[in-house]
Amino acid sequence: MQNNLQDIEKQALEKISTADSKDALESISVQFLGRKGVLTAFLRNIPSLPVDERPAAGKNGNLLKLKLEEAVRQARSELEAGAAGGAEGIDITLPGRMVKKGALHPITQVMDEISGIFLRLGFDIAEGPEVETDYYNFEALNIPKYHPARDMQDTFYVSENIVLRTHTSGSQPRVMEKNEPPVRIISPGKVFRCDSDLTHTPMFHQVEGLMVDRNISFGDLKGVLTTFVQQFFDKDTLLRFRPSFFPFTEPSAEVDIRCAMCKGKGCRVCSNTGWIEILGSGMVHPAVFENVGYDTQKYTGFAFGMGMERVAMLKYGIDDIRKYFENDVRFLGQF
Amino acid sequence: MKVSLSWLREYIPVDLDPKDLSDRLTMAGLEVDGVESLYDYLDNVVVAQVVQARQHPNADKLTCCTVDIGKGELFPIVCGAPNVREGMYVACALPGAVLPGDFKIKKSKLRGEPSHGMLCSAAELMLAHDASGIMDLDGEFVTGTPLESALKLTDAVLEIDLTPNRPDCLSLIGVAREIGALTEPRNKVTLPDVTFPEAKMDSRDIHDFVSVRIEDPQLCPRYTAGMLFDVKVGPSPVWLKQRLEAVGLSCVNNVVDITNFVMMETGQPLHAFDYDNIAKSKIIVRTAGKPGDAPLEFTTLDSKVHKLDPEMLMICDGEKPVGIAGVMGGENSEITDATTRVLVESAYFNPVSIRRTAKRTGIASDASHRFERGVDPEGTLFALNRAVSLMAQFCSATIARGIIDENPVKTPPVTIDLSPKALNVRLGTSFSADEIAQILGSVEFGIDKKAAQKDDGLLQVHVPSFRVDVARPEDLSEEVARLWGYNKIETSYPLITAKGRTLASRPVLRGKIRQAMTGFGFCEAINYNFIRKDACARMAIEDPDKRTRMVEILNPISDQMAVLRTSIVPGLLEAMARNTAKQVDTLQLFEIGKVFFDTAPGKQPEEVEVVGGLITGYRWDQTWYSKKEAVDFFDLKGVVQGLLSYFQISGVLYERTETGTCPYFEPGYGARIVKDGLVLGTLGKIASGVGAAFGLKQDAYLFDLDMDSLEKALPQAIQAVGLPKFPSISRDMTFIVPKRVEVGVMIDTISAFAQKQGLIEDYFLFDVFEGSNIGEDKKSLSFRVVYRSASKTLTENNIKKIHEQLSQKIINDFQADLPG
């Protein structure tokens, strides 16, 4: 009797495991578990067994029934999985109902990132008007009328004494007039210069900064700007400070970073110099302090400024500055 | 500013290679933009020797030569020069050479004889004027040696991008002085000798020929002049031409070239007049006229006619203007081939006056460039003497005795008391007084130690007169820092006070809007602040609409960017047109930026920050789960509602825009967004006519919100409300009302009822139906009303009466019918 059950099990499991279709599996299931199936016949036959064999036969027979049913179920799901490529019920490879994705303008992204770095260094944001008086845009910053330094910034005029700001530095005297040191501000925003070609647009964005306190030194300027550059670009970015001229700072320095494209060997991006100019900076000129009533004996400070379009070009490898303002969503969507 | 190394070597030893020198100059603040080699064109020109020369069989004037071009190679070359002879060392251009004038040398045949190169004259190689024969190289040479090295012609020209504060370096001597301080050992410049050789002195005295009167000493503090007789005007000697051409100046004649040479050498612009065209032997320095006078017409020596304002400073003779002071001379007194007597001017003019004149006349000359930045007020005489002595030498002239030196306003020397301590604080350094003195001394600052005994003893620094940019101790700190090296100054970090600070609210609000809008699937646009002058007309906006008060730019870059925008609409519509032109037909754009309204002449405009958004195209594309569906007004309204709810701004009303207030919206498709009587903004569908004006080929929906109003509408604080403890029950009601009835008004009615009643928690429209079976002028509206009590579970009995009351109120108020 036991032998008979063992034979049924062996036969059934072998057939189930080799069934190659759901139909085949179904007929195997019927053959063993169906109303007229082999196992069903065995179970039906139990009452005819000797009394002492009946409990064991019943128990083993039913256990085998469960075992075979499970084996069939498993084989069926394996066959289905094979047929549907792994799907149960739905084709999960159908495209989802995708939510539309928006994007922040790359200029906003770099401006936010840069502002964030300076906010963490204890700077505040100070914004000013985009249409500025000649006084705050130039004179307060030690750029008198008819000074050759005005040639450094081609200016849009609205009237004799009203200009589209050529830099965001006008916020600096505005803030200093109202606040005694310490002052730590950055001024992000749009600026305008009368210039339009492959590398210039008449409107662009700057972040400028100012720090005034007792004992602020050129060494501190180097420290803060080095921190900034290494946070924004890469912690190992090399930089150098190069003497330059801005009417509102003395000494003045351009900050160059090691060209990331060629690692300093010289390439098209860095005009073969190995360096890329990214920041203008310097110690605030005492004339600027005098204009806002700061004591030049007591306070020193540094100021800096940079163009966002250029920084974003370096960061994202953008090749044409005009793309920023065409607002082609195929461009905007990349950031 | 271009400088050639060979020219610099006349004043200072330069042993560094050009690259190293460029780096040092750049790192000292004289940025070198480029280095060019002057004799690159001599590639493939070598020293060769004529081994054999014989008469050309078919041409009388030609010689067939066999030329040793080095390494034992013999080339046949046909030469037409009369001076060619056997054994002669010559300059030979080999095939592949490209000589000045884009003259390419190739293997060829001349009258049947092969010729594999060219024997060159000095003129052909731009090395001298001699074109009479080929160069006869003097000395012993190894054949095949490049001519450039055989003649030691190597010269590099540095292009220096000078900052406007360094006019002293607009001269070879100025740059040489910097180089002297940047090389080891430090060197001082050697100035050229300007003493007049006695043999060249004329017996006549300048004062017998000309007098100078300065009528406006503030504009012309100093005027010096010298005079030469028996001048022979002609081409300059080759060395002089080479010098000028190397630095990019063109040559005119010996007299003019010498004035340019001395300007490049010293930085002092000079002018030479033909004395015989100076009327009444007088030079008068005065303004062109009295204030209010009509503009004066004047022809400069480039034959251009200029209109001169009366306040411009002129050089005049006894009758008329002969030059625009410091800017450009007049055609009426220029040097010609017939000139024999020359008056040389070397003056110091007020920089602001020169700059104003140069700007107004649009003349940017080498002279005005230097004068407006500031020449050395003490350099006038030196430059004059240099020019006069060169002219005596190279124009075979004699020198008038005496010079004129009118100097009504003296420029006082600048002395600065420098505190080493303050300098060290400023730089973050620890230089001793001696170190500072040494560094400053290297660029000719004179130092007296005022109180050397004390630690903080001041240094008295005498600023050399050519350093017009240095006036204060801070300027000296830059000198010390740049000459020491910015990169050698130690990096430090400032200490700051940990005091509480408040974040500016506007950047925070802007950031949140950006977050919400990008979350809604919008891309951020940035448009120019400038727009077309006819922007209002394109939007159908007319006076007296505030938006017609546009600020005009006096010097716009183009007509497309002539005025400041008074609305964010045109920029967004243009951006849409650009995108759809590139087959991107579904767009969700937003922009945050300012618009500008003119206030009063000469005043700053009113700046208003707004946020605008545009949608066009399709809610979703054709997909497996939906059909392509175009966006409509309610997609846009949903965005506005979503944005306002993001900021917890509730109780917002949407009111139909009044006729004329937003004419760029399709009539009946525009709304004002209002909260507590404050207009936050507008939204609507762009009118088809306006769309056409912007080149749009599909519907556009646009909103704008005023940032100030939005900020005012923000809730002061958010107070959490407890969640309900008991379940709600919903009841629906459907009405058939005339089409003209606005849903918003019905909702207002429900709202008012709900507020009085208390058990109504929520209510909303869930179906709108229009169809002929309910009547052409009717619509069916279904609302769901949600009832909830804070204190118990509601039953049908609790709400039945209320629901009926509400239903009845609507039926009464809106002539509504119940369906069926």
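Hi everyone. Before we look at any helices, here is one term we will need: a helix axis, in this talk, is a line fitted to the C-alpha atoms over the stretch in contact, and the angle between two axes runs from 0 to 180 degrees between their N-to-C directions. Please also keep in mind that what you see above is a predicted model.

Let's start with the confidence scores. For the complex, the predictor gives an ipTM of 0.86 and a pTM of 0.83. Chain B has an average pLDDT of 93, and 99% of its residues score at least 70.

Now for the overall layout. In chain A, the domain assignment gives domain 1, covering 2-84, and domain 2, covering 106-332. The centres of those two domains of chain A, taken over C-alpha atoms, are separated by 83 Å. Chain B is divided into domain 1 (2-38 + 155-182), domain 2 (40-150), domain 3 (198-406), domain 4 (414-487), domain 5 (505-713) and domain 6 (729-814). If you look for domain 3 and domain 6 of chain B, you will find their C-alpha centres 94 Å apart.

So where do the two chains meet? Across the interface, 71 residues of chain A are in contact with 74 residues of chain B. Which element gives the largest share of the chain A side? That is helix H8 of chain A, residues 218-232, with 7 residues. Sorted by class, the chain A side that touches chain B has 35 nonpolar, 18 polar and 18 charged residues.

Helix H5 (residues 106-120) and helix H10 (residues 308-316) of chain A have axes that come within 9 Å and cross at roughly 95°. Angles from 65 to 115 degrees count as roughly perpendicular, so H5(A) is roughly perpendicular to H10(A). On the H5(A) side, the residues are Pro106(A), Ile107(A), Val110(A) and Met111(A); they meet Met308(A), Glu309(A), Val311(A), Ala312(A), Lys315(A) and Tyr316(A) in H10(A). This contact of H5(A) with H10(A) has 8 nonpolar residues, no polar ones and 2 charged ones.

Over in chain B, please find helix H5 (residues 238-246) and helix H6 (residues 254-266), whose axes come within 10 Å and cross at roughly 55°. That angle makes H5(B) oblique to H6(B). Is the crossing of H5(B) and H6(B) left-handed or right-handed? The crossing of H5(B) and H6(B) is left-handed. H5(B) brings Leu240(B), Arg243(B) and Leu244(B) to the contact, while H6(B) brings Asp257(B), Asn260(B) and Phe261(B). By class, the contact of H5(B) with H6(B) has 3 nonpolar, 1 polar and 2 charged residues.

Here is another pair in chain B. The axes of helix H10 (residues 420-427) and helix H12 (residues 473-484) of chain B come within 10 Å, crossing at roughly 65°. For H10(B) and H12(B), the crossing is right-handed. The H10(B) residues in the contact are Ala422(B), Leu423(B), Arg426(B) and Leu427(B), and those of H12(B) are Pro473(B), Glu474(B), Leu476(B), Ser477(B), Val480(B) and Ala481(B). The contact of H10(B) with H12(B) divides into 7 nonpolar, 1 polar and 2 charged residues.

Finally, a few backbone details to click on. Which kind of peptide bond runs from Glu250(A) to Pro251(A)? The bond from Glu250(A) to Pro251(A) is cis, with omega near -5°, and Pro251(A) is found in strand E8 of chain A, residues 249-258. In chain B, a cis peptide bond joins Asp543(B) and Pro544(B), with omega about 5°. Pro544(B) has its place in the loop between helix H14 (535-538) and strand E31 (563-564) of chain B.

One last stop, back in chain A: Asn272(A) is not a glycine, yet it has a positive phi of about 65°. You can find Asn272(A) in the loop between E8 and strand E9 (275-284) of chain A.

Key
Residues are numbered from 1 along each chain as its sequence is written. Chains are lettered from A and ligands numbered from 1 in the order in which they are written. This is a predicted model: local features need pLDDT of at least 70, side-chain atom pairs count only at pLDDT 80 or more; totals for chains, interfaces and linings use all residues. Domain bounds come from an automatic or database domain assignment. Two residues are in contact if their C-beta atoms, placed from the backbone, lie within 7 Å. Helices (H or I, at least four residues) and strands (E, at least two) are DSSP runs, numbered from the N terminus. Ala, Val, Leu, Ile, Met, Phe, Trp, Tyr, Cys and Pro count as nonpolar, Asp, Glu, Lys and Arg as charged, and the others, Gly among them, as polar. pLDDT is the predictor's confidence in each residue, from 0 to 100. Angles under 35 degrees count as roughly parallel, over 145 as roughly antiparallel, 65 to 115 as roughly perpendicular and the rest as oblique. A crossing is left-handed if the near helix is turned anticlockwise from the far one by less than a right angle, and right-handed if clockwise.
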